[in-house]
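Visitor: Please pick one part of this protein and take me through it closely. Then show me what else is worth a look.

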Amino acid sequence: MRAQDAMVRDPQTVSPTTTVWAALALMRQGDIRHLPVTDEGGTLQGILSNRDFRRLLDFLDPTGRIPRVRDIAVSEIMTKAPHVLVAHAETPLVDIAQLMVTRKVGAIPIVDPQRRVVGLLAQKDVMRELVRQLAPPPLDLGHTGS
């Protein structure tokens with residue numbers, strides 16, 4: 001089993017200049033937790049996860065408000081590329097699962113040799129593939145044999 005067997009191909013991405021407001025709306029609309037952030041050529045610049053939105057607290061003013069919240073760019077809160085774990089389509093799924101557990105990440109962008117995003121592998125995708133590969137076929141409880 002390899003990353004390509006379970007990854008979401010051509011995942012939704014945003015640019016570094018996308019506002020956090022727009023990214024949040026996209027994530028809520030698509031019920032997704034992770035957005036790769038790419039440049040115009042599709043090269044990975046970072047990843048935005050639902051956890052990154054906690055960084056908005058750094059923008060609080062003394063009154064407890066976030067000035068210009070609708071203008072803050074994704075690049076100001078995302079996890080930037082040097083710190084983003086990536087894998088390739090041929091990477092064994094078990095290696096990715098181990099990385100996710102040990103590094104406590106919920107998703108890993110799948111990139112080509114030029115670091116262009118070709119897929120995204122979230123924990124739920126890994127679990128779905130492992131269950132598909134390892135679970136016994138379901139029992140047929142509809143037939144009694146009598």
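Guide: Two strands count as paired if DSSP finds at least two bridges between them. Strands are DSSP runs of E with at least two residues, helices are runs of H or I with at least four, and both are numbered from the N terminus. The model is predicted, so local features need pLDDT of at least 70, side-chain atom pairs count only at pLDDT 80 or more, and totals for chains, interfaces and linings use all residues. Residues are numbered from 1 along each chain as its sequence is written, and side-chain values use heavy atoms, with hydrogens and water left out.

Let us take the sheet β2-β3-β4. It is an open sheet of three strands with antiparallel pairing. β2 (34-38) and β4 (79-80) stand at the edges. Each has a single partner strand, so one side of each has no neighbour in the sheet.

Now look at strand β3, residues 44-49. Five bridges join β3 to β2. Two bridges join β3 to β4. Both pairings run antiparallel. Follow isoleucine 47. Towards β4, the bridge partner of isoleucine 47 is threonine 79. Glycine 46 stands opposite lysine 80 in β4. In a regular strand, side chains alternate between the two faces of the sheet.

How many residues of β3 are buried? Five of its six residues are, so the strand is mostly covered. Here buried means under 20% relative accessible area, exposed means over 50%, and partly exposed lies in between, using a 1.4 Å probe and protein chains only.

β2 and β3 form a hairpin, with five residues between them. In the turn, glycine 42 has a positive phi of about 85 degrees.

Contact means heavy atoms within 4.5 Å.

Aspartate 31 has a positive phi of about 50 degrees, although it is not a glycine. Aspartate 31 is exposed, with a relative accessible area of 66%.

Next, the sheet β1-β6-β5. This is an open sheet of three strands, with antiparallel pairing. Its edge strands are β1 (8-9) and β5 (107-111), and each pairs on one side only. β5 and β6 (residues 117-122) pair over five bridges. Alanine 107 has alanine 122 of β6 as its bridge partner. Helix α3 (residues 93-103) packs on this sheet, touching β5 and β6. The direction of α3 makes about 140 degrees with that of β5. Helix α4 (residues 123-134) also packs on the sheet, touching β1 and β6. Its direction makes about 75 degrees with that of β6.

The loop between β5 and β6 holds arginine 115. Its phi is near 65 degrees, a positive value in a residue other than glycine. Arginine 115 is partly exposed, at 32% relative accessible area.

Now the largest pocket. A pocket is an open set of points on a 1 Å grid over the protein atoms alone, where a 1.4 Å probe fits, with protein on both sides within 12 Å along at least five of seven lines; lining residues have an atom within 4 Å of a point. The largest pocket has a volume of about 370 Å³, meaning the space filled by probe spheres set on the points, which are joined across faces, edges and corners. Of its 15 lining residues, the closest to its centre are Ile32, Arg33, His34, Ala122 and Lys124. α4 gives the largest share of the lining, three residues.

Last, charges. Side chains of opposite charge can pair when their charged atoms come close. A salt bridge puts a side-chain nitrogen of Lys or Arg within 4 Å of a carboxyl oxygen of Asp or Glu. The count is five. One of them joins aspartate 52 and arginine 55, at 2.6 Å from N to O. Aspartate 52 is buried at 4% relative accessibility, whereas arginine 55 is partly exposed at 34%. Another joins aspartate 112 and arginine 116, at 2.9 Å. Aspartate 112 is buried at 14%, and arginine 116 is partly exposed at 36%.

Terms used. Axes are lines fitted to C-alpha atoms, for helices over the stretch in contact, and angles run from 0 to 180 degrees between N-to-C directions.
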